[in-house]
Amino acid sequence: HRWNEQLKRVFGNCLPPFPPKYYLAMTTSMADERRDQLEQYLQNVTMDPNMLRSDVFIDFLKLVQLDTFSMATKKASLDILLPDGRSIKIEILTSDTAERVLEVVSHNIGLCQELLEYFSLFLIQFCKEGRLSVVKKLADFELPCVSLRSSEVENCKVGLRKWYLDPSLDARLMDCRTAVDLIYMQAIQDIEKEWAKPTEVQRQKLEALQKEDNQTKFLELAREVQHYGYMRLEPCTCDHPEPGCQALLSVGNNEISCCITLPENQTQDVIFQMDRVKCWQVTFLGTLLDTDGPQQTLNQNLELRFQYCEDSHWRWFVIYTKQAFLLSSCLKKMISEKMVKQAAENPEMQIEVPEQGKSKKYHIQQNQKDHSSFLPRKSKIKIAEVDCGFGTIKEDL
């Protein structure tokens with residue numbers, strides 16, 4: 001409540017309403033209701049980029065992260081994983097945000113400051129047989145030192161990767177030597193890890209260009225490779241074409257590409273175009289005991305469901321994955337990149353930013369709508385009772 005008053009002094013009445021206090025003893029249901037209201041309030045506040053960048057907001061979240069894990073502000077060394085597998089060590093404070101750490105990394109490696117928006121820090125896990133898994137993207141206000149300590153995933157490092165999903169954006173980085181080195185190293189790694197899938201002819205040409213260290217030509221050809229620049233997710237479960245099917249997801253270039261394993265062990269490739277996605281939501285289904293591996297661990301059980309137009313009908317598709325928030329970030333990124341591109345092509349495109357607490361509206365492509373939301377701690381969600389607003393985070397495009 002005190003934090004809300006501080007925000008009010010800075011932003012005035014544009015804040016969403018703060019949940020009322022209970023001054024008498026709360027029942028369990030009342031406590032759950034207030035927790036959900038507070039989560040919704042925080043989610044609505046973070047919809048405003050000005051608030052996200054405000055000192056009041058950042059200082060509060062820094063304090064919460066440090067206090068939650070009893071971590072004092074002090075000097076620390078942090079290893080940052082580069083796309084080629086090498087690490088660099090930087091000196092920071094435990095209270096430094098991911099945004100600040102990214103600035104330190106860019107200074108150390110000589111990355112142009114104006115290109116920082118094309119890169120981000122991620123939590124990356126080293127898996128069996130040398131595999132890598134991108135666990136999540138670190139938000140600008142997250143504290144990497146705290147994220148590493150609090151992560152329930154073993155063998156993790158903070159890694160630097162490019163953060164755009166439109167392969168054509170490579171062209172904007174070609175005048176910076178360090179940026180080219182980074183996306184070149186990531187392209188090689190993605191092909192080696194089979195996240196990008198060149199044909200045999202493409203592979204031979206890429207190997208020849210790599211031997212010549214011809215980075216420009218290599219990247220030009222790489223952009224023609226299937227799934228180049230996509231975010232690859234860990235194997236997950238989906239409900240298409242029937243419940244319980246295993247799937248491999250690659251997200252990028254305005255699409256969700258799914259390789260689905262059918263019950264008869266046949267595979268089916270399905271592509272969902274973002275132009276046909278109306279909305280999506282992330283739901284926390286509970287915590288499950290994971291008995292795989294030498295130690296038993298508790299894993300969050302998450303789903304992302306999206307509404308998709310197929311044969312002129314809207315239907316829901318559900319993906320069960322621990323990387324639901326990463327997937328949601330990728331969907332938002334693709335929409336953002338598309339909007340920027342369309343704005344550049346059509347300078348007269350109207351963009352309206354309404355009052356805080358109301359959804360953002362962008363007049364593009366016949367007012368195509370997209371809503372994204374996070375539904376808080378509910379073990380069961382009846383979709384029939386949820387309209388397109390979802391009652392929490394809402395974005396209309």
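The legends below describe close-up views of a predicted model.

**View 1. Helix α5 and the elements that surround its buried residues.** Helix α5 covers residues 98-109, and its 12 residues reach 16 Å from the first C-alpha to the last, which is close to the 16 Å expected at 1.5 Å a residue. The buried residues of this helix are Ala98, Val101, Leu102, Val104, Val105 and Ser106, and they pack against the strands β1 (75-81), β2 (87-93), β3 (119-126) and β5 (156-162) as well as against helix α6 (144-150). Just after the helix comes Gly110, whose phi is positive, at about 85°.

**View 2. The open sheet of five strands.** The strands lie in the order β2-β1-β5-β3-β4, and their pairing is mixed. Strands β2 and β4 (132-137) stand at the edges with a single partner strand each, so one side of each is left without a neighbour in the sheet. From one strand to the next the twist averages 45°. The pairing of β3 with β4 is antiparallel and runs over five bridges, and within this pair Leu123 has Lys136 of β4 as its bridge partner. Helix α7 (residues 177-192) packs on the sheet, where it touches β3, β4 and β5, and its direction makes about 115° with that of β5.

**View 3. Strand β9 between its antiparallel partners β8 and β10.** Strand β9 (residues 255-261) is largely enclosed by the rest of the structure, because five of its seven residues are buried. Seven bridges join it to strand β8 (residues 245-252) in the antiparallel sense, with Gln246 standing opposite Thr261 of β9. These two strands form a hairpin with two residues between them, and Asn253 in the turn has a positive phi of about 50°. Strand β9 also pairs with strand β10 (residues 267-273), again antiparallel and over seven bridges, and here Cys258 stands opposite Val270 of β10. The hairpin of β9 and β10 has five residues between the strands, and among them Asn265 takes a positive phi near 65°.

**View 4. The surroundings of His240.** His240 is placed in the loop between β7 (236-238) and β8. Its relative accessibility is 13%, and therefore His240 counts as buried, the cut-off being under 20%. Leaving aside neighbours within four places in sequence, the residues in contact with His240 are Cys245, Ile260, Val270, Phe272, Arg315 and Phe317.

**View 5. The salt bridge of Glu234 and Arg131.** The count of salt bridges in the model comes to 14, and in one of them the side chains of Glu234 and Arg131 meet at 3.3 Å, N to O. Glu234 lies in the loop between β6 (231-232) and β7, while Arg131 lies in the loop between β3 and β4, so the pair ties together parts that are 103 residues apart in sequence. Arg131 is partly exposed, with a relative accessible area of 39%.

**View 6. The salt-bridge network of Lys162, Asp170 and Arg223.** Lys162 forms a salt bridge with Asp170, the closest N and O atoms being 3.6 Å apart, and both of these residues are buried. The side chain of Asp170 also meets that of Arg223 in a salt bridge (3.2 Å, N to O). Asp170 lies in the loop between β5 and α7, and Arg223 in the loop between α9 (215-222) and β6, so this pair ties together parts that are 53 residues apart in sequence. Asp170 has 0% relative accessibility, whereas Arg223 is partly exposed, with a relative accessible area of 29%. Through shared partners, the salt bridges join Lys162, Asp170 and Arg223 into one network.

Notes: Residues are numbered from 1 along each chain as its sequence is written. This is a predicted model: local features need pLDDT of at least 70, side-chain atom pairs count only at pLDDT 80 or more; totals for chains, interfaces and linings use all residues. Side-chain values use heavy atoms; hydrogens and water are left out. Helices (H or I, at least four residues) and strands (E, at least two) are DSSP runs, numbered from the N terminus. The expected span of a helix is 1.5 Å times one less than its number of residues. Buried means under 20% relative accessible area, exposed over 50%, partly exposed in between (1.4 Å probe, protein chains only). Contact means heavy atoms within 4.5 Å. Two strands pair if DSSP finds at least two bridges between them. Axes are lines fitted to C-alpha atoms, for helices over the stretch in contact, and angles run from 0 to 180 degrees between N-to-C directions. A salt bridge is a side-chain nitrogen of Lys or Arg within 4 Å of a carboxyl oxygen of Asp or Glu.
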